[in-house]
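Please read the points beside the coordinates.

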Amino acid sequence: MSSEQKKQPQINRRNFLKAGAAATFLGVAGVLKTPGKFASAASSVQYAAAPKGQWSKIHPVHDMGSAAVRYVEHNDQWLGTTKIVGKIKNISEADGGGGLLLRGKLGDKAFRGFMTQTLRSPINTAIAQAAGPIASPAVMEGKPAPQKMPIPDPEQMSMHIKDLAYFLRADDVAIGKMPEYAYFSYHTLNAFDLAKKPVEECVVPVTERMPYVITVLRDQHLETMLGSTGYDGISDAQSFNAYHLTANISVIIANYIRKLGYNARASHAFNNILAVTPCLIAAGLGELSRTGNTSAHPRLGFRTKAAVVTTDLPLAPDKPIDFGLQDFCRVCKKCATECPAQAISYDADPVEYNGYLRWNVNSNTCQIFRVTNEEGISCGRCMKVCPWNSKEDSWFHQAGTWIGSQNSAGASLLKSIDDMFGYGTEQILDYKWWLEWPENHKIPETLTTTRTSLTGVK
Ligand code: SF4
Ligand code: SF4
C-alpha cells in the first residue's frame, strides 16, 4: 500500500468530525446548535506555546545585528535614551512637514514641488497609485468583532503578533508601551484639503488612547541605496515603496486584531494619527539620532520606513534600547557634513525641543530641499551615509558596529573605518538598476505660478 493510500482514511475521519457528522451520530447535534454552547465549544485556541523569554517563535532571538544592545527605561524622565525635560505637547498633523508644504508655508516653489513630487518620476507615480487604497476607510476602519476570540497569554500573544509581522514580510517588529504624547492633537482627514481650505475645516481631534503600539519596519533596500547618490531619481521611490509595504503590513495586523475582538488602528504614512518615532523608541526599534526626529535601528540604521498599530489587545511590551547611538552621534556628524541642504546641526549635544532633548535640525530647510530638488526626486543622503546602515554583511562591518556601540573611542574608530573605505559616500553603479529621465525632475512652471492661483487660498 502506498503512503498516500495509508493517509486517506485519516483525512476522511477528520472531515467527518469537522462536518459534525460524528456529533449527529452520537446524538449531540442539538447541543451544538445552541448558540452559547457552540461558542464555548470553540473557546479554545490551538497554539503550542514557545519557551518563555523568546523574542518570537520564528526568531527566538531579536536580530539587532552586531551592536551591543542593552534595555533601558520608558518613564516620565526618559523615553529610551531620550531625556524628557518638560511637558511634551501633542502636535497637530497640519503643523508637520507635509502640512506646512500644503498650506504654502514653505514657499510657492516648494508647494509646486510637493504637489508634483509623485508625478515627476513614473516609478513614483506607479507606487503612489498602488498605495492610495491602503489609506481608504474600507481598510483603515472597523469595529472589533462583538465576541472576543480565545487567545494565548500576553507574552505568547506578543510572539504571535511578531511572527505575523515577519510572515507579512516586516524586516523588524516590536511592541511598545504607547507614549501618550506621540498622538497628534489633530488629524487631517484629507491632507490635500489643506491646500484648499482653512486648517480648522480640515482637521479632527485625535481622541484615541490605546495602551500598546506594535511597530513594524521595512528596509529601503541596501543595493538600491548603494547605487544611488541619496538624492537622485530613485530617492523618493525608495522611501515611498517602504512606506507602502509597511502600510500594507499595518492594516492587515490591525484588521486581524479587530477580527479577534479587540480595538486596533493602523497608522502609516498615508493615514496617520500619531508621530511614529516615539513609538519606535518606546518599542525598542531605535534611538533618536542627530537627524532630529529620526530614530536609527542598530542593524538597519535609518534606512527604513515604519508603520504602527495602536491596540488594546493584551500584549507584553518590549523595552526601549541603548546601543550607544547618542554617544556615537556626538562624535560622528557625517550626516551633517554630507547633507546637501546643511539642515543638520553640528552641535556637540542635543538641545531642548518641545519638552525633550534632540539635535537641533532645521526641518523646514530639509523639507524645502527635498521637494525642490531637481537633480532627482527628494533626498535621503543622510540615511545613505550613516555608518549604522549595514553596508555589507561581513565580519568586518559586524566587528565595526560592535566596537562603535561601546563608547566614544569606539565611535571615532567606526567613523574612521567608514570614511577610510568610502562607505556611505560611494555610488556603486553596478547596482543602479532604475531608469532616470532628468528632464522630468524639473518642477513645472505651468502648473501654477502661485499657491493662491492654484488653490484660491491665501
Ligand atoms: S533628507 Fe537630505 S536634506 Fe534632509 S536632512 Fe537628510 S540629507 Fe539633509
Ligand atoms: S551619520 Fe553619524 S551623526 Fe548622523 S545619525 Fe548617523 S551616526 Fe549619527
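1. Helices (H or I, at least four residues) and strands (E, at least two) are DSSP runs, numbered from the N terminus. On that basis, α15 (363–372) and α16 (381–385) each contribute at least two residues to the shell around ligand 1. The largest share comes from α15, with three residues.

2. The model is predicted: local features need pLDDT of at least 70, side-chain atom pairs count only at pLDDT 80 or more, and totals for chains, interfaces and linings use all residues. Side-chain values use heavy atoms without hydrogens or water, residues are numbered from 1 along each chain as its sequence is written, and chains are lettered from A and ligands numbered from 1 in the order written.

3. Ligand 1 is surrounded by residues with a heavy atom within 4 Å of the ligand, among them Cys-339, Cys-366, Cys-379 and Cys-382. Arg-370 and Arg-381 also belong to this shell. By class, the shell has eight nonpolar residues (Ala, Val, Leu, Ile, Met, Phe, Trp, Tyr, Cys or Pro), two charged (Asp, Glu, Lys or Arg) and no polar ones (the others, Gly among them).

4. In strand β11 (residues 304–311), eight of eight residues are buried, that is, under 20% relative accessible area with a 1.4 Å probe, protein chains only. Thr-304, Ala-306, Val-308 and Thr-310 point one way, and Lys-305, Ala-307, Val-309 and Thr-311 the other.

5. Strands pair if DSSP finds at least two bridges between them. Antiparallel to β11 runs β7 (residues 212–219), joined by eight bridges, with Val-216 opposite Ala-307. Strand β8 (residues 264–267) is also antiparallel to β11, through four bridges; there, Arg-265 is partnered with Thr-310.

Terms used:
Buried means under 20% relative accessible area, exposed over 50%, partly exposed in between (1.4 Å probe, protein chains only).
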